[in-house]
Amino acid sequence: MGIGLKLVREMEEWFRDTGAEYAYMATDKDNEASVRLFTGRCGYSKFRTPSILVHPVFAHRSPAANLATMIHLSPTDAELLYRRRFSTVEFFPRDIDAVLHNPLSLGTFVAVPRETIWSGISSFLSDPPSSWAVLSVWNCKDVFRLEIRGAGRFRRGLAWASRVVDRAMPWLRIPSVPDLFHPFGVYFLYGVGGEGNEAAEMARALCGHAHNMARMAGGVGVVAAEVASCEPLREGIPHWRRLSCAEDLWCVKRLAEDYSDGAVGDWTKSPPGTTIFVDPREF
């Protein structure tokens, strides 16, 4: 009946009226009807294929990393770091300060080698250690909840048993399955990045810290991150393949004629970068 096409066109007009330079959509790569509508009739181009990496929150704590020290940044210091290091990354939000000061943003954390002496953000930016990683944690639990339906009694029973054993003997670090069959919350990791040969291990330490935050909060079933398909830190982000989406699909369309950000240029014609910045308000 053309309802979807009319909706997209009306939304694009609203985007233009509010000064948006691009419109983009995300869908499962196998959603043929959606892909056909946007690329075939609305002028969108297939743009990126990021991965959504999802890890369950276990009943036991994630062990502390021996090789890394974690620093909790203030929102002001986090903004300085992100603007200095990530401002030209695709989809970096210009109002990153509003994101970091949002009550749903639970903090920004930097991991550095344990022998590093932290002397403040200015010193870090002028002379960073050989390896480091950064990420921020967003509380989706207070916005929406998810639930897995259709699982049989056997699977539910196995999940319940794994949690019982994990709580009784946490030192075994059994990968227990949280109760995903009732409404559960999500912690989203955004602003993931870093540099150096050990950056992936630094990211792993940060993910463990985020896992423990989720565990202590209660009601959080999984920790998720969305990263570029060629993200160098991907191997340091723990995830379960069955819960994750290896290849999401983003399509993009340019709405504006001029370029307000000359450092980036036209995203629709740019080659894929190794890193993307996923705005947590859109997750």
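**Stop one: the second largest pocket**

The lining of the second largest pocket splits into 20 nonpolar, 8 polar and 4 charged residues (Ala, Val, Leu, Ile, Met, Phe, Trp, Tyr, Cys and Pro count as nonpolar, Asp, Glu, Lys and Arg as charged, and the others, Gly among them, as polar). Before going on: this is a predicted model, in which local features need pLDDT of at least 70 and side-chain atom pairs count only at pLDDT 80 or more, while totals for chains, interfaces and linings use all residues. Residues are numbered from 1 along each chain as its sequence is written, and side-chain values use heavy atoms, with hydrogens and water left out.

The volume of this second largest pocket is about 530 Å³. A pocket here is an open set of points on a 1 Å grid over the protein atoms alone, with protein on both sides within 12 Å along at least five of seven lines; a cavity is a set where a 1.4 Å probe fits but cannot get out; lining residues have an atom within 4 Å of a point. Points are joined across faces, edges and corners, and a volume is the space filled by probe spheres set on them.

Select Ser 62, Pro 63, Arg 204, Cys 207 and Gly 208: of the 32 lining residues, these are the closest to the pocket's centre. Then colour β3 (51-56), β4 (68-73), α7 (199-217) and β8, the elements that give two or more residues to this lining. Helices (H or I, at least four residues) and strands (E, at least two) are DSSP runs, numbered from the N terminus. Which element gives the most to the lining? That's α7, with 11 residues.

**Stop two: the cavity**

Searching the whole structure turns up 1 cavity of 30 Å³ or more. The largest cavity holds about 50 Å³ of space. To see its lining, select Leu 189, Tyr 190, Gly 191, Val 192, Glu 226, Val 227, Glu 231, Thr 275, Ile 276 and Val 278. β7 (185-195) and β8 (220-227) are the elements that give two or more residues here, and β7 has the largest share, 4 residues. By class, the lining has 6 nonpolar, 2 polar and 2 charged residues.

**Stop three: two helices**

Now show α1 (residues 3-17) and α2 (residues 32-41), whose axes come within 11 Å and cross at roughly 55°. Axes are lines fitted to C-alpha atoms over the stretch in contact, with angles from 0 to 180 degrees between N-to-C directions. That angle makes α1 oblique to α2 (under 35 degrees is roughly parallel, over 145 roughly antiparallel, 65 to 115 roughly perpendicular and the rest oblique).
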